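Here is a short note for a colleague opening this structure for the first time. Please keep the view open while reading the points.

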Amino acid sequence: MADIRILIALWRTLRYRLQYSLGLRLLPFKLRIAVTKQCNYHCRMCGIWKSKTPKEEITVEEIRKICRTNAAFFKRLVHVTFTGGEPFLRDDLVCLAKAIHEFLPQVRLNLNTNGSL
């Protein structure tokens, strides 16, 4: 089974590179959304907690607007990742997930987390 997955991944990569070299419009399969810059850990490999940029966070309405206005661009999307910081520090994390599911019911949702919450 693993051999088939490797061949499928190789085929997708080759197809992507060919389409790109021919100047064809490419649609994304994955989307990453930074939902927060807050974090409850001070990991060495990340350092987002050192960020001096404003701590403004994406809202549920902004996610809805992005999904609504980019529906055609997102039609091949299969995977959305919430990242940051620590996504579980958001009080409205479930609402963010529901907003994604409302417009993109076919996608799998992934959370990058330190696992402490």
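1. Buried means under 20% relative accessible area, and exposed means over 50%. The model is a predicted one.

2. Start with helix α3. L93, L96, A99 and I100 are buried there. An α-helix has 3.6 residues a turn, so residues three or four places apart point the same way.

3. The face away from its buried side carries V94 and K98, both exposed. On the buried side, the cover includes β1, α2, β2 and β3 (108-111).

4. Next, the largest nonpolar core. This core has 17 residues. I33, V80, F82 and I100 have the most contacts inside it. At least two core residues come from each of β1 (30-34), α2 (60-69), β2 (79-83) and α3 (93-103). α3 gives the largest share, four residues.

5. F82 deserves a separate look. Leaving aside neighbours within four places in sequence, F82 is in contact with I33, V35, P87, L93, L96, A97, I100, L109, N110, L111 and N112.

6. Finally, the surface. In soluble globular proteins, nonpolar side chains tend to be buried together. Here, though, L7, L10, W11 and L14 make a nonpolar surface patch of about 450 Å². W11 belongs to helix α1 (residues 2-21). Is W11 buried or exposed? W11 is exposed, because its relative accessible area is 52% and the cut-off is over 50%.

Notes. Residues numbered from 1 in each chain as written. Predicted model: local features only at pLDDT ≥ 70, side-chain atom pairs only at ≥ 80, totals over all residues. Heavy atoms only, no water. Patch = residues over 30% accessible without salt bridge, like charges linked within 9 Å, V, L, I, M, F, W, Y side chains within 5 Å. Areas by Shrake-Rupley, 256 points an atom, 1.4 Å probe, with all protein chains shown as cover. Salt bridge = Lys/Arg side-chain N within 4 Å of Asp/Glu carboxyl O. Buried < 20%, exposed > 50% of the residue type's maximum accessible area, 1.4 Å probe, protein only. Core = buried A, V, L, I, M, F, W, Y, C linked by side-chain atoms within 4.5 Å. Contact = heavy atoms within 4.5 Å.
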